[in-house]
Amino acid sequence: MLAALKPLVRLTGCCTLIAWVLLFTPPAVLANKTSVSISAPASAAPGSEITIQVTATHSANNFLHYTDWLSIMVNGKEIARWDFTRMHKPESNVFTREIKFVVNEPLELKAEGHCNMHGSKGPAIARVAIAPAAE
């Protein structure tokens, strides 16, 4: 009879431990949505190449909970996307990706990241204006 109860006692002990961890760990440490910021020049000359950097922040990139994608759109068209999996997670809780882009018109940049469990904090938006011609 006692041998039959051992697995139940083990399971109850594990559940109790998990409950205590969840109860006494602040929610911000356990989970959050992926947030992003964009770094790009405010203006650029027509035909010039700019560097767009997107920094994603997510509190816990681990086996169960991680940023599963990050994308950049220019004027409504996706120009870059990085997909992540449990086996190929982002390298840290704060990570940056960059891409080069040739400016031919004013740009609206939109970047967004997504947590596989909690979603996104929403897109970050930046604008690049066309620089006036030098006289």
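Q: Taking a polar contact as a pair of N or O atoms within 3.5 Å, where within protein one atom must be able to donate a hydrogen and the other to accept it, and residues adjacent in sequence count only if both atoms are side-chain atoms, which side chain does the side chain of T67 reach that way?

A: The side chain of T67 makes such a contact with the side chain of T34, at 3.0 Å. Please keep in mind that this is a predicted model, in which local features need pLDDT of at least 70 and side-chain atom pairs count only at pLDDT 80 or more, while totals for chains, interfaces and linings use all residues. Residues are numbered from 1 along each chain as its sequence is written, and side-chain values use heavy atoms, with hydrogens and water left out.

Q: Okay, is T67 buried or exposed?

A: T67 has a relative accessible area of 0%, and it counts as buried because that term means under 20%, with exposed meaning over 50% and partly exposed lying in between (1.4 Å probe, protein chains only).

Q: And what is T67 in contact with?

A: With contact meaning heavy atoms within 4.5 Å, and leaving aside neighbours within four places in sequence, T67 touches T34, H58, N61, F84, P90, F95, H114 and C115. T67 itself belongs to strand β4, where strands (E, at least two residues) and helices (H or I, at least four) are DSSP runs numbered from the N terminus.

Q: Which strand does β4 bridge to, and how many bridges are there?

A: Seven bridges join β4 to β7, and the two run antiparallel; L70, for example, stands opposite G113 in β7. Both strands belong to an open sheet of five strands in the order β2-β8-β7-β4-β5, with mixed pairing, where two strands pair if DSSP finds at least two bridges between them. Its edge strands are β2 (43-44) and β5 (77-83), each of which pairs on one side only.

Q: Switching topic, which residues touch the most other members of the largest nonpolar core?

A: A nonpolar core is a set of buried Ala, Val, Leu, Ile, Met, Phe, Trp, Tyr and Cys residues joined through side-chain atoms within 4.5 Å. In the largest one, which has 21 residues, V36, I38, I50, I52, L70, L107 and L109 touch the most other members. Two or more residues each come from β1 (35-39), β3 (49-57), β4 (67-74), β6 (94-102), β7 (107-115) and β8 (124-130), and β3 gives the most, with four.

Q: What does V36 touch?

A: Not counting residues up to four places away in sequence, V36 touches V54, T55, A56, L70, A111, E112, G113, G122 and A124.

Q: How about T96, which residues is it in contact with?

A: T96, in strand β6, is in contact with Q53, V54, T55 and E91 once neighbours within four places in sequence are set aside, and a polar contact of 3.1 Å joins its side chain to that of T55. At 37% relative accessibility, T96 counts as partly exposed.

Q: Which residue has a positive phi although it is not a glycine?

A: That is N75, with a phi of about 50 degrees, located in the loop between β4 and β5 and partly exposed at 36% relative accessible area. For context, most residues other than glycine have a negative phi.

Q: Last one, how many helices and strands are there?

A: The protein has two helices and eight strands, running α-α-β-β-β-β-β-β-β-β from the N terminus on, and buried residues make up 28% of its 135 residues.
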